[in-house]
Amino acid sequence: MAPAPYTSALAESLAPDLLDRFQRYVRVDTQSRPQRTGSPSTPGQLDLGRLLVSELHEAGIADAFLDDNGYVVASLHPVGVESGGPTIGLIAHMDTSPAAPGKGVEPLVHREWDGGVIELPREGTRLDPAAMPEMNAKLGHDLVTGSGDTLLGADDKAGVAAIMAAVARLAADPQLPRPHLRIAFTPDEEIGLGASLFDIERFGALCAYTIDGSELGQLQDETFSAVEVTLTVHGVDVHPGYATDKLVSALRLAARIIAALPADTLAPETTSGREGFIHPYSISGTPGQAQVTAIVRDFDDERLERHVALLKRTAADVVGAEPRASLEFDVKPQYRNMRRHLDAAPYATDAAEEAMRAEGLDPIRVPIRGGTDGSLLSEMGLPTPNIFTGGHEFHSVREWASVQDMAASAATIIRLAEVWTRPQFVAAAANNGRS
Ligand SMILES: [Zn+2]
C-alpha cells in the first residue's frame, strides 16, 4: 500500500507535531459528567487545561491562562494586517463524551492502512470498513484508534491538537500572515454546557470557528434546534396483593406513552438529513410515579414545536384515559439552529470556504444532526461555524482519526488566518460591528 498523500506540503509539515500532541492529549482522562455541581464537571479537564497552557507558553504565547471555570484562553498578535483589523476566534473542547469509557486511553497508530479490518487488542473491538464506509476513502492513511476498551477522544482532541499545532507554527513563523487571533479551549461541551460560562465580551472576537467536525472538508453552519422533555406520570400505588381495581401503574402508563409514539418516522433510527425526531432515551420509576426523558430535535423551530406538541398530545391521551392518573410535562430548551445567526454574518463561512479551497479542498456544507458549542455561542452573539477535524465514530470504542486529515485541519486553520488578512475580509469585519 502506497502512503496516502497529504493535502499540501504545509499539512505534511504539521503532521508530526500534531500527532505528538494528539497522543499526549488523548491520554488525559477528560470525560465530562452530567448534572455537574461546578465547572468543569471533572478534574481531569483541568489537568489538560494546565498542560495546554504550559504548551502555549512554550510556544511563546505568554498570555495563555486557565480561568476559574476551566476555560483556557490565549491570543496571538496580528501579522500582515493593520492594527485595528479583525479579531477571530478558534475554539475546541477539552472534554470527552460520557457515552463510552474515557479513562486509560492508549492510542495506536496504524500506518498506511491497507483497507483490511482493524482488530484492536482489547475487548474484541474491530473496525470493519464494511460497517464504516467512511473508512474506504482513507486507504494508505495513517489511522489512529484507541485500544478497544475506550473511546479515542478525537472528539474533540483532534480539534485541540489541530489548533495547538497551527498556532505553535504561526507563533514560530513571523512570515505567516494572520489577524488578531483569540484561542479558547472549553470544558463540558459533551454535557451541553461548553458555552454556558464562555465570556464572549472578554474573548472580543468578530466571529469564531469550532474545530469539532468530522469528515475532511466539512464546513457546518447549521445545527439542530433542541429541547429536552421530561414527562412525569403519577399513578396510584397499592400493595399488589390488595390492588384489585385500585392500583394505577404509572410505570405501565409511561411505557404506553413510548409505545404510542411514531416509530417508522420521527425516530433517530428512521430519519436522516433534515428530518427531525422525538427520542425517548430514559424511563424510570415505580407504580406510584414514573418518568420518561426525551430529546426532541429539528432544524426548523416551528417543526420542533410541532414534535413537542405531538409528544404532549400522545402523553395526555394515554394518561387522560385513566382519570386517577395525572401528568406533568416539562420542556427545557437546549440550543437553537445557528443558521440564522450565521446568515447575518456571511463572512464567517465565506472565509472558511476560502481557507479550505486554499488547502485544495472542496468545502462540503452539511447540517449537523446535533449541536456544538457554536450553536449557543452564535445565539449569544458570536457567530461560530464548525470545521472538520478528521475524526470519526465519535462517542464509541471504535472511534478513529486520520493523521492526514487532522493535518489538513491544522493547515486549514493557517490558511484561514491568512484569509482574514485579505482586504475584502478586513473590510467586511470593519463594516460589521466589532473588529
Ligand atoms: Zn465534539
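R126 and E119 form a salt bridge, with 3.6 Å between the closest N and O atoms. The model is predicted. R126 is partly exposed at 39% relative accessible area. E119 counts as exposed, because its relative accessibility of 52% is over the 50% cut-off.

**Salt bridges**

The structure holds 28 salt bridges.

| Pair | N to O distance | Relative accessibility |
|---|---|---|
| R126 and E119 | 3.6 Å | R126 39%, E119 52% |
| K332 and E228 | 3.5 Å | K332 44%, E228 14% |
| E418 and R422 | 3.0 Å | E418 26%, R422 22% |

K332 and E228 meet through their side chains. This pair links distant parts of the chain: K332 sits in strand β14 and E228 in strand β11 (residues 225-234), 104 residues apart. K332 is partly exposed, whereas E228 is buried.

E418 pairs with R422. E418 is partly exposed, and R422 is partly exposed as well. Both residues also belong to a network of salt bridges, which includes D221, E353, E354, R357 and R365.

**The largest pocket**

The largest pocket holds about 1,800 Å³ of space. Its lining comprises 50 residues. E190, R297, Y335, G371 and H395 lie nearest the centre of the pocket. By class, the lining has 20 polar, 17 nonpolar and 13 charged residues.

Several elements each supply at least two lining residues: strands β10 (218-220), β12 (277-285), β13 (289-298), β14 (326-335) and β17 (391-392), together with helix α9 (373-379).

Methods. Residues are numbered from 1 along each chain as its sequence is written. This is a predicted model: local features need pLDDT of at least 70, side-chain atom pairs count only at pLDDT 80 or more; totals for chains, interfaces and linings use all residues. Side-chain values use heavy atoms; hydrogens and water are left out. On a 1 Å grid over the protein atoms alone, a cavity is a set of points where a 1.4 Å probe fits but cannot get out, and a pocket is an open set with protein on both sides within 12 Å along at least five of seven lines; lining residues have an atom within 4 Å of a point. Grid points are joined across faces, edges and corners, and a volume is the space filled by probe spheres set on the points. Helices (H or I, at least four residues) and strands (E, at least two) are DSSP runs, numbered from the N terminus. Ala, Val, Leu, Ile, Met, Phe, Trp, Tyr, Cys and Pro count as nonpolar, Asp, Glu, Lys and Arg as charged, and the others, Gly among them, as polar. A salt bridge is a side-chain nitrogen of Lys or Arg within 4 Å of a carboxyl oxygen of Asp or Glu. Buried means under 20% relative accessible area, exposed over 50%, partly exposed in between (1.4 Å probe, protein chains only).
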